[in-house]
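Reader: Hi! I'm new to this one, could you walk me through it?
Author: Happy to, here it is.

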Amino acid sequence: MRLRLHIWRQAGPDAQGMLKTYDLDNVSEHMSFLEMLDVLNEQLMEKGEEPVAFDHDCREGICGTCGMVINGRPHGPLARTTACQLHMRTFKDGDEIYIEPWRATAFPVVRDLVVDRSSFDRIIQKGGFISVNTGNAQDGNAIPISKTDADRAMDAAACIGCGACVAACPNASAMLFTAAKIGHLASLPQGQAERFSRATNMVLQMDAEGFGSCTNHYECEAACPKGISAEWIAAMNRDFAKAAITSRD
Amino acid sequence: MDLKNNIPSGPLEQKWDRHRAELKLVNPANKRKFNVIVVGTGLAGASAAATLAELGYNVQAFTYHDSPRRAHSIAAQGGINAAKNYQNDGDSVWRLFYDTIKGGDFRAREANVYRLAQVSVNIIDQCVAQGVPFAREYGGYLANRSFGGAQVSRTFYARGQTGQQLLIGAYQALERQVGLGKVRMHTKKEMMDLVVVNGRARGIVTRDLTTGKIETHAADAVLLCTGGYGNVFYLSTNAKACNVTAAFRAHKRGALFGNPCYTQIHPTCIPVSGDYQSKLTLMSESLRNDGRIWVPKKRGDNRAPDQIPEDERDYYLERKYPSFGNLSPRDIASRAAKEACDDGRGVGPGGLGVYLDFADAIKRLGRKTIEDRYGNLFEMYERITGEDPYSVPMRIYPAVHYTMGGLWVDYDLMSNLPGLFVLGEANFSDHGANRLGASALMQGLADGYFVIPYTLGGYLAKGGLDTVYTDAPEFREAAAAAEQKVHTLLNINGKRTPASFHRELGKIMWDYCGMARNEAGLKTALKKIPELREEFWKNLTVPGSGEALNQTLEHATRVADFMEFAELMCVDALHRNESCGGHFREEYQDEGEAKRNDDDYTYVAAWEYTGDTAKPVLHKENLVFENVQLATRSYK
Ligand SMILES: Cc1cc2nc3c(=O)[nH]c(=O)nc-3n(C[C@H](O)[C@H](O)[C@H](O)COP(=O)(O)OP(=O)(O)OC[C@H]3O[C@@H](n4cnc5c(N)ncnc54)[C@H](O)[C@@H]3O)c2cc1C
Ligand code: SF4
Ligand code: FES
């Protein structure tokens, strides 16, 4: 098939960006979306032009590296599908496709479609862990955990840290990402000791990074490739509120 | 060169405990005076960096990713082995040890593998304590599944995302230390070279991928945890950025490379669909628990699978290996698939595929159970192929997956260069000529959480390390060489892209140094690789500059190293005149089964760089088996 692509090109963090149009021929429906971009890039390079910079690594929907807004939707039109898992059979001959980077103050553009998501790591640094040192833990079966709890924890832990939730949110809020981590650890007995301080510290860091607040649009849930539920946000808010009431410092 | 493996004396079961007791300790107040560089923050690197920081060392960690959570370890699906014997099905440390030694076709060190099996049980405890949401039974206990090469159920898993959950566990422990200021994390920095001062590894040269800046960093020890080199084949199940640069650069600085030709070809991957193909996708081996592998009995039978009656199907693994059946080890299952396809009985486009069929399992267990077990894998398959595996059998074909070879290390995980430690897939140590499923995650975490914290202390406590500064000539020379490499690559101004060279190199490797190898083919490869390399340095194009994010340049620097490393692999494959594990030399077989030559090849081939990749010097570490008897591997 033949496609017309409108791609955001921006040479660097401080450079002016704009959409540039490219026509691409002979796109196979079996290609992945990123393979389609590979083909475009090879053609650009053969002409001596600079290829489109985009992030990716596993190309299996698990590393969370890829991410671009495709026709206005983070990761493109298919629900629960990362950009790297999207295949061209979703599009048809003659389609025009708009491709842009995540847009959020806390995710500055590095180049073209690549953004800096280090703010996510800094949120984790504030409490997205259990404070145990390696080496002398008790037997794994010493704390029985019901299958329901383990499954719930896993639902939240499935987050790949891609940032689509932020890109989808009109306020560029990172609530879903943060709530997923807090929810994962709060669902398990191991996570109880630091449960409330964790919620407080991570939420405060989220604000400090310049992410917006949540005004219940639920766009994040719709965009999330891993189907993380917005219910985690409500749970996080409860823990955060409870922490504020019980805080003694 | 005298290759000392430093295996402690004494009975196998006591070696590690005794060694730990005898290793010198660094006193707590002194630990913070030692600087340690950890390159790579996948399972091996993140677990090592976090643990060393917990102990009090000053750690600097490096990754070319934008966050440690992106490392290739994240993609591991199936699970992690541990000799917990929770199922009470006869598992034990000894059995895991034996399965691993046998699975590796008797080409690994007994002592290392035994230690791996011993610490496997601690890994699970540690990960549970970190909050890794392993699958549970209804009663609340940890659940297990079976993997290839084993007859017990010892694999722990977190849905189909075990690697993700283990890496997130290690990543969180690491970020905790970053927050505490004990680890300085350098993301988006790629190691370009190792710096050796007075014969010891004392630092690295990095390139900042966002700004292009070349920097040098000094330390008391350097840990390479930089993963495997399967991408030398271009198409593999590895993440796109995986590369050999860090290990190969260390090799060029004097570190020996162990068994580079040992490559694992995984039997269950989605077949290639076109020449634009950028990578191959693994379908977890755990699928072989319930899926049955078959091809039509008749050649060129192109009826739809549901039109082929039961008695016209060849369930070839069940037929040839009745006791392990569909759970035969990977090398054996891969070769059997190749054999069926070479025989003209392959299915799908080009006849390069075999069926992995769940119809029986769905009938027996119900769709819901299959969904619970493999839902996300089935979804992934459908996204890629557009076919629904609940109703049509999957089509699979072998693909490059893992590299058992790696930098040579002793029992302490130290290379022959003092101060250079190598962990995880980057070292050669535990899997011999073939790795069993669910054992790489185990090894990465064993190395990082439980081995290096002791052995690194032993090295540092010995002393003799004077302070080095990055203005020493060795650092300046290495930095200048890295600058020069970048400059050269940017200024060839030829016509072909790094990807086009990488593809062609991969094809040479797959055709001549892939699933089956022979003398003539390897010699052809050894002729073609230098020719391609010459063209690379004459006809490469890398648009853009070295002062900003330039992904083409990143790729070019990596392909440049693959171009040399590929030659070393072929030299190793050619020298090993036997078949063992993943190394199948067509000249050495017994009706399709690998034929080892224990008299002449029971050794680790450790290659020394001489300035010419075609002419490395071979050093042999003889493998001594005191506890197991070398036997022909039989899974029949
Ligand atoms: C699809 C797939 C599924 C798998 N499933 C399983 C499974 O179910 N069970 C199992 O046991 N094993 C599995 N494996 C194998 C296992 O995942 C890997 O062997 C293991 O995770 C490797 O871990 P590592 O820490 O050694 O390396 P990696 O996770 O590859 O990490 C390498 C790190 O080094 C960094 N790095 C590399 N070079 C440089 C450089 N020059 N400069 C700076 N940083 C650098 C990278 O950024 C990264 O942080 C699977 C592998 C694949 C491909
Ligand atoms: S919550 Fe979903 S969208 Fe947000 S980072 Fe995690 S996986 Fe991505
Ligand atoms: S490239 Fe890893 S999730 Fe898309």
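Author: We can go through the domains and then a ligand site. This is a predicted model, where local features need pLDDT of at least 70, side-chain atom pairs count only at pLDDT 80 or more, and totals for chains, interfaces and linings use all residues. Residues are numbered from 1 along each chain as its sequence is written, chains are lettered from A and ligands numbered from 1 in the order in which they are written, and side-chain values use heavy atoms, leaving out hydrogens and water.

Reader: Thanks! How is chain A divided?
Author: Chain A has domain 1 (3-100) and domain 2 (117-131 + 141-248), with bounds from an automatic or database domain assignment.

Reader: What area is buried between domain 1 and domain 2 of chain A?
Author: About 890 Å², with carbon and sulfur atoms giving 52%; that is accessible area (1.4 Å probe) that the two parts lose on being put together, summed over both. On the domain 1 side, Gly64(A), Pro74(A) and Arg80(A) lose the most area to domain 2, together 47% of what that side buries.

Reader: Which side chains meet in a salt bridge?
Author: Arg117(A) and Asp55(A), at 3.7 Å, N to O. The term means a side-chain nitrogen of Lys or Arg within 4 Å of a carboxyl oxygen of Asp or Glu.

Reader: Switching topic, what surrounds ligand 2?
Author: Its neighbours (a heavy atom within 4 Å) include Phe120(A), Cys159(A), Cys162(A), Cys165(A), Cys224(A) and Pro225(A).

Reader: And how many residues of that shell are nonpolar, polar or charged?
Author: The shell around ligand 2 has 10 nonpolar, 2 polar and no charged residues; Cys and Pro count as nonpolar here, and Gly as polar.
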